[in-house]
Amino acid sequence: MYVYRIMLFLVFGGYLLSPFLMSGWGNPEIAWYRPFLIWGGLIALSVWLEQKRKLDER
Amino acid sequence: MSAELTAIILLGLGYLALLFGCGIAVERGWISTRITRHPAVYTLSLGVYASAWAVYGSVEFAANAGFGYLAYYLGAAGAFLLAPVLLVPIQRITRTYQLASLADLFAFRFRTRWAGTIVTLVSVLAVLPLLGIQVKTLSEAINALTGTTAGSSVALLFCLVIAAFALIFGARHSNLRARHNTLLAAIAFESLVKLGVMLALGAVALWGVFDGPQQLQQWLSGDGLVLTRQTPTLDPAHWRTLLLLFFTAAFMMPHLFHITFAENLSRHTLLQASWALPLFLLLMALPVPLIWWAAQKTAAAPISVTAYAAFIMSEHSVVGALAFIGGLAAASGTMIMVALALSGMVLNHIVLVAHPPEARPDLYGWLRWLRRGLIVTVVIGGWLFHATVGSHHDLRALGLAAFVGMAQCLPGMLALLYWPGANRNGLVVGLLAGIAVWLWGLWLPLFLPLPTLWLPLPGEPIWYQVTLVSLAANILALIGLSLFTRTSEGERSAAEACSVDAVIRSKRLPLEAATVADFSAQLAEALGDDVAGREVNRALQALNLPPQERRPYALRRLRDRIQANLSGLMGPSVARDIVDRYLPYRHDDAPVTDDIHFVESRLEAYRSRLTGLARELDGLRRHHRQTLANLPVGLCVFGDDDELVMWNRALAELSGISGESVVGAHRDSLAAPWPTLLQSALSSPSVTLYKQAAHLHGRDYFLTLHTADLSGDDSRGGRVVMIEDHTEMKWLENELVHAARLASIGQLAAGVAHEIGNPITGISSLAQNLRYDTDDPVLLETADQIQTLTERVTRIVSSLVEFTHGGRHAATLPRSPVTLGRISEEALHLLHLARTREAVTFSNTCPPDVVVRGDAQRLIQVMLNLLGNARDACPPQGKVTISAGTQGQQAWWRVTDNGRGIAPDVRDRLFEPFATTKPAGEGTGLGLSLAYQIVNEHQGSIDVASPPPGHSRGTAMTLWLPLYHPDKQQDDPPPHAEDSDC
């Protein structure tokens, strides 16, 4: 359950801060793929938390 | 018809034929079920979320809002990343109560068919623009590729083929929750096609148009900078609102709800999808800006129809065909799943509510045909919407109209999960308020111009304001009315079943139906004999219960399961009506108590989800339960309604009845003698009933029952009964009483013996005097015999006294040689003095050379007892034989009679003192016990054969005595003085 709270915090935190993702469009100083990197990082974190949850429930 | 149009039609039909092929391959088992049931297939089927909007609409969105297009993907990704706290609880409810749609869920939770009907209506209205988008993109893509205006007609053709696919592979089961492996595999295949197409288009853009990432970055910093900077930026508030809309759509759109919850295999699969679907969406979203930038770079002039930029970025026909196939795959998947999900909702919440099913002979078939008709209606409805309305609006307007509509169900869903206080009044009014604003602000304007709604944020886009106002009205009405209006009992219990953190206190209500047969008979009134029987059997199998089940607890579970199964068939409203009407609870004066067994079962099932204090408390509960279960004393607990709550292991062993088979049963339905026994304990004014006789497993038991009342302030009531097996103690008590009786008789006998001793001594003295006073040989012989007999009486008395003192002779083991033939004669002689039963013939066949070591007098006493018993057992003219012989180091000495023999029940206590079968006054019951004691003192033993081998009647008593060895006498102590008498 603690694992779920981490995810809850991340998703709602991401929801509030997500407008910054849009700043990369039309800005040559920011790599166009930055939003996808952040998104990929979130998925990797989710996979890790899912593995942790499985271990917790054993 | 132009060549391009023909090619596109063939391409589209070819793809759909491939889809059919995929379905047939799964159906026929050409593809292993290991693949079709793999969690990855489920995740890919969830990719149906990526509709034609993902292929075309996103490009249009990117052209108009830059990275704002990501809201479509990130909203859905957020919903699935929150699967453990958001989707898994919904999955638990839908799986437990067999709910197949959002309308089912709302109707179940808020206990009103209006909730289901309103949600169905809003779903139909919201989904129509979504279907319109699918048809519109198909139609416009065909037009763009062929340069004709035949797109709409060709789209109709494709729609009919898609409807046929949905009919063939998706409407075979009447149960809406039946998993469609074929359909899921086909939708997963479509997701793979979409993903492949998007990645291929992205690759073409990156390497075909830009020559790689570096050149792309150069273009973005150079020529492209002007173009990208011209793209409007999405306001953060709009962005967040869009995220919320897409977040809602990801699991509440009818088709997505259906795949996420009704087609799902397990919680584990859903949790796996919580990261796998966001990954899928990431890969789908990645090529979108590349396609748009590539199209911008390629196009000579500003692009007017931005949605179809993929057709512009390359002149190669393969690229166009790929983009078309991607769009067709996305549109067809969405249309198939929307048609299936929406048909079920309309069937359950509009058609069946308006026309409840009666006892039809073929209910399942009737439901299937209704559903098929609705599937075709939905698909054709989508095409009609496009043809009449959709073609006049852009993808964004249609999409927002759909997503804002579905978002009206979000407050109700959150209340369903996290606020047990919400009630139907709040939900219905909230939904109506929100829907009214949405219809007036976004949906109806698609059809006709309406006066602008008063909106509080002038200057903001209409969709944004309508979203805020409709949701605000919805939420305020939901909260306000829920707080200030009454919530029904049924709603409250459903709320507890649905809420994530609710305290579930299921009640034990008695059912009118007392057997499984009653269930079938009562349900048959509503469903007909055939369907009722099948549904009852299905529920029995699911619960693993036998058809003979009678336990109230099991029957309540059976009722719940039947309701859940019927809910999967015809929706929760109709199912509830049928079950409430035909399988009602009995409303009598019986106390209603909490169903502790059910609560425990649920706690066990959800144990892994408990955390913190709840987990600690559960651990404590399990510890206490284990303590009671493993108690070495029998224990059972009854509720106030006499339903058995606990039956521990020791009691299961004692009674031979397993706890699993009786927990939940009424006390009166237990096997005999338990109902009587427990009733007497529970109705007794005393808390303990000592040593109650009970016949169990073919023998008698003595059980002590202690009872205690469980009532108290925080208690759920009931009585506990502790049962101790005191059978052994009772036996010991009986033995003790018997021994005490023997001891008192022994003391009495010793006193009597002492009193007899004095007159006997007098008689002996007088006999001796007689010898001195006469020379008459007859008198002298008489005096001798008197002395002999008085000596014998003295010995008997002495033996009796010794017996009462127990084993005194063991220390003075006799050592003299005794000839068995001789003492047999002596015994016969003495026996003849009694002069009774003259008709019995005695014969002594003992050889003269059988000599044993022992006390002659005591052995004569043994023989006298045996002969006396043999004589008494013989009929007139009976025959008693004394025989002897040797075997090894022992001699056998046998008395055989042809009397009535010894009964088996007497044989076990033959040598016990005072055990006699003779009438009162004829025997003391001490003879054989004395004989046994004497033989024992001689280190011998007695065998009893009745009848003897080779005889049909009679008894043979065989004494085994150690043989006398003269050589060994040298080592022995001197023989006892009186041994030489014989």
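In chain B, five strands make an open sheet with the order 4-3-7-6-5, and the pairing is antiparallel. Its edge strands are strand 4 (644-647) and strand 5 of chain B, each of which pairs on one side only. Direction ignored, neighbouring strands of this sheet are turned by 25° against each other on average. Strands pair here if DSSP finds at least two bridges between them. Strands (E, at least two residues) and helices (H or I, at least four) are DSSP runs, numbered from the N terminus. Axes are lines fitted to C-alpha atoms, for helices over the stretch in contact, and angles run from 0 to 180 degrees between N-to-C directions.

This is a predicted model, in which local features need pLDDT of at least 70 and side-chain atom pairs count only at pLDDT 80 or more, while totals for chains, interfaces and linings use all residues. Residues are numbered from 1 along each chain as its sequence is written, and chains are lettered from A and ligands numbered from 1 in the order in which they are written.

Strand 3 (residues 634-638) of chain B runs antiparallel to strand 4 of chain B, and three bridges join them. B:Cys636 has B:Trp647 in strand 4 as its bridge partner. Further along, strand 6 of chain B pairs with strand 7 (residues 719-725) of chain B, again in the antiparallel sense, over seven bridges. There, B:Ala708 has B:Val720 in strand 7 as its bridge partner.

Strand 5 (residues 688-696) and strand 6 (residues 699-709) of chain B run antiparallel and are joined by seven bridges. B:Leu696 has B:Arg699 in strand 6 as its bridge partner. Two residues lie between the two strands. B:His697 is in the turn, with a positive phi of about 50°.

Strand 9 and strand 11 (residues 879-887) of chain B pair in the parallel sense, over four bridges. B:Ser843 stands opposite B:Thr881 in strand 11 of chain B.

A helix covers part of this region.

How do helices pack? Two packed helices are described by the angle between their axes and the distance between the axes. In chain B, the axes of helix 27 (residues 552-570) and helix 28 (residues 572-582) come within 7 Å and cross at roughly 140°. Helix 27 and helix 28 of chain B are therefore oblique to each other. The class follows from cut-offs: angles under 35 degrees count as roughly parallel, over 145 as roughly antiparallel, 65 to 115 as roughly perpendicular, and the rest as oblique. Residues from helix 27 of chain B, including B:Ile562, B:Leu566 and B:Met570, meet residues from helix 28 of chain B, among them B:Val574, B:Ala575 and B:Ile578. The residues of this contact between helix 27 and helix 28 of chain B divide into eight nonpolar, two polar and two charged. Ala, Val, Leu, Ile, Met, Phe, Trp, Tyr, Cys and Pro count as nonpolar, Asp, Glu, Lys and Arg as charged, and the others, Gly among them, as polar.

Next, one residue. B:Arg109 lies in helix 7 (residues 102-110) of chain B. Is B:Arg109 buried or exposed? B:Arg109 counts as buried because it has 28 C-beta neighbours inside 10 Å. The cut-offs are 20 or more other C-beta atoms within 10 Å for buried, 12 or fewer for exposed, and partly exposed in between, with C-beta atoms placed from the backbone. B:Arg109 and B:Glu496 are 387 residues apart in sequence, yet 9.1 Å apart in space, C-alpha to C-alpha. Not counting residues up to four places away in sequence, B:Arg109 touches B:Leu416, B:Ala494, B:Ala495 and B:Cys498. Residues are in contact if their C-beta atoms, placed from the backbone, lie within 7 Å.

Step back to the whole chain. Chain B has 39 helices and 14 strands. Of its 982 residues, 45% count as buried.

Finally, the interface. In chain A, 25 residues are in contact with 33 residues of chain B. Helix 1 (2-17) and helix 2 (34-57) of chain A are the elements that give two or more residues to the side of chain A that touches chain B. Helix 2 of chain A gives the most, with nine residues. The residues of that side of chain A divide into 18 nonpolar, five polar and two charged.

Conventions
Contact = placed C-beta atoms within 7 Å.
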